[in-house]
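Hello,

Please find the structure below. My notes on it follow.

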Amino acid sequence: TKRMRQTAHEVAKEARRPYPLIFCDMVWCGFKYQAGYLDYSLFHFWDLNAAQRASVLTRGKNNAYVRALNDKAHWDDFDVKPTFLRLFAPYADRKWLDLTEATAQDLQNFGEELGSFLVKPRDGTHGDGVEIVKAAEVSDWSALYDSLTEKGQTLCEEVIVQHPEMSRLWPGSVNTIRLVTILGEDNTVHTVAAYLRVGNGPRPVDNFNSGGMVVPIEEDRGEIIYPALDKSGNLYEKHPMTGVSIKGFKIPLWDEVIKLVCEAGQVVPQVGLVGWDVCVTEKGPLLIEGNEFPGHDIYQLPPHRTNGIGVLPKFKRAIDGE
């Protein structure tokens, strides 16, 4: 395809290798490792040996795991946010209102009780359509109700106040933890990836695709040992806005975070592979949402790999119950 050829030209320039060689290798990796051309570029496949390439969770392999472990009949348990909030109420622990089942008066009561609240689509992704509404600035609740309904921002949620330590890192957004779990053959939930997402801009979201940064968390102790990375490829040992060190940062209440996702991973056993978004508050961690089709793009990025090894071996061990 045209985009594949264009990507191959860009990679050849970055890798300083002949375009025909890169293009042929890209095609080979597609067949051999189920790596799309974007995988080839994103994970620097040209710089990996055969063993390292085989350890990378590529798009094809990630899709195969989702098909094998997640029953499509239960995807809406995660995709439809009100359904998710009902199912995982003990772990979500916040007030919310579904405007498709509420009136303008309900919205006003909700807003005035909380003072400020988040509005978002009931089935959105990437932080799209997320805004904060301040009750004191609303002059016409019926007009707001109509506007939100028209734009599809029908889920209203209590604003979560993150742990002071997380806020110290970056106060402009709730800095969430992405934890990927697998329900193994031993019926035990295994953690296979952990990442911190940190906001870095005017939007109140931390998403990697919306200007945020990502960095792995050492799962055994909740510590960060790498610099954070943004979508443009910039690395940050300290947060550029707050100056707080990212490298060496320790996630508060880490043992409770792991316990939370391991318990949540048992709630819908028909969905065995989940990407959880977790917020740490002073009272403890809580679930923001769960993703039954977790993307693979933020895991195993070149600056965050040890010896070029990806996360696939951990996925295989978890599925086998090891």
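Helix α1 passes helix α2 in a right-handed crossing (the near helix is turned clockwise from the far one by less than a right angle). This is a predicted model, in which local features need pLDDT of at least 70, side-chain atom pairs count only at pLDDT 80 or more, and totals for chains, interfaces and linings use all residues. Residues are numbered from 1 along each chain as its sequence is written, and side-chain values use heavy atoms, leaving out hydrogens and water.

Helices (H or I, at least four residues) and strands (E, at least two) are DSSP runs, numbered from the N terminus. The axes of α1 (residues 2-15) and α2 (residues 19-33) come within 9 Å and cross at roughly 120 degrees. Axes are lines fitted to C-alpha atoms, for helices over the stretch in contact, and angles run from 0 to 180 degrees between N-to-C directions. The two helices are therefore oblique to each other (angles under 35 degrees count as roughly parallel, over 145 as roughly antiparallel, 65 to 115 as roughly perpendicular and the rest as oblique).

Seven strands form an open sheet with antiparallel pairing, in the order β9-β8-β7-β6-β5-β10-β11. Its edge strands, β9 and β11 (284-291), each pair on one side only (two strands pair if DSSP finds at least two bridges between them). Within the sheet, Arg178 has Tyr195 in β6 as its bridge partner.

Phe249 lies in the loop between β9 (235-236) and α12 (254-264). Phe249 is buried, at a relative accessible area of 3% (buried means under 20%, exposed over 50%, partly exposed in between, with a 1.4 Å probe and protein chains only).

Regards
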